[in-house]
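Look over the sequence and the 3D view, then read on by topic.

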Amino acid sequence: MSADPNSFIGVFDSGVGGISVLKSLVTELPNENFRYFGDSANAPYGEKTEEEVAALSHAIVERFIADGAKAIVIACNTATSAAAPSLRSAYPDLPIIGIEPALKPATEAPDHGRILVMATDITLRLDKYHELAETYGRDCEVISVPCPGLAGRIEHGHLDESDLVEMIRSYVGSFAGTVGSVVLGCTHYPFVRRQITEVLGPEVKFYDGGAGTARQLRSRLDRKGLLAPVDHVGEVGFASSKDTPEEIALYREFFAREL
């Protein structure tokens, strides 16, 4: 296992969703080298069992470690809930940063109103989410809405097509004009903020865990003396279990998108 500040940070998700987190990581840590792996051949994780997600996550991290990763970012709410504890137990000396639904900042914001949490089925079922909801949702109304199939639809790109808006409307259209905040509990969902706004109304405020994850990564690297030199120009590489030029081109297209 490498402890070289000049090495790379491995970032993974079930597909393109974690690229929303990667963008926050690169903004916060522009001197770092990042390698992003999207497990698109097995996407979406949110529709698999907890055991399946944990096994897939361990296999990806093992490959990152074999290549010399100095830290890992689990850029997936589902994989964080299902695999982060066992990964940290297996690799106690390796900084492993996860992501979780941004309920804390949403509930602490002034005038947050009713809070809508959009997430995958498995994320909303796992104990980690229920602990967050109980801890931070005591003094407000938190509405949890599973969105089966939405992450998979985002995986296909073509985000400007009308079927995507209609899919979102089928999940959350009944809350239009009645919620003040939306927690994006899947890393795919920041890519469709505009479409969610079209359904829920222009006043809604969004919260996701990308920026907080980036700050946590910086802190962990700093404590371990693993930050890249300030004069180093960071690089970003992409790989996928669906190893085709078209898939990598799709990843780069998502990376270039504004959120």
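Asparagine 77 lies in helix H3 (residues 77–90); helices (H or I, at least four residues) and strands (E, at least two) are DSSP runs, numbered from the N terminus. This is a predicted model, where local features need pLDDT of at least 70, side-chain atom pairs count only at pLDDT 80 or more, and totals for chains, interfaces and linings use all residues. Residues are numbered from 1 along each chain as its sequence is written, and side-chain values use heavy atoms, leaving out hydrogens and water.

**Asparagine 77**
- Asparagine 77 counts as buried because its relative accessibility is 3%; buried means under 20% relative accessible area, exposed over 50%, partly exposed in between (1.4 Å probe, protein chains only).
- Asparagine 77 touches Ile99, Glu100, Pro101, Thr123, Gly185, Cys186 and Thr187, not counting residues up to four places away in sequence. Contact means heavy atoms within 4.5 Å.

**Helix H10**
- Helix H10 spans residues 210–223 and has 14 residues.
- Its buried residues are Gly210, Thr213, Ala214, Leu217, Arg220 and Leu221. They cover an arc of only 130° around the axis, so they sit on the same side of H10. The arc is that of the directions from the helix axis to the C-beta atoms.
- Arg215, Asp222 and Arg223 are exposed on the other side of H10.
- Strand E1 (8–13) and helix H1 (19–28) are among the elements covering the buried residues of H10.
- Just after H10, glycine 225 has a positive phi of about 65°.

**A charge over a ring**
- Lysine 23 lies over the face of phenylalanine 255, 5.5 Å from the ring centre. The criterion is NZ of Lys or CZ of Arg within 6 Å of the ring centre and within 35 degrees of the ring normal.

Terms used
The expected span of a helix is 1.5 Å times one less than its number of residues.
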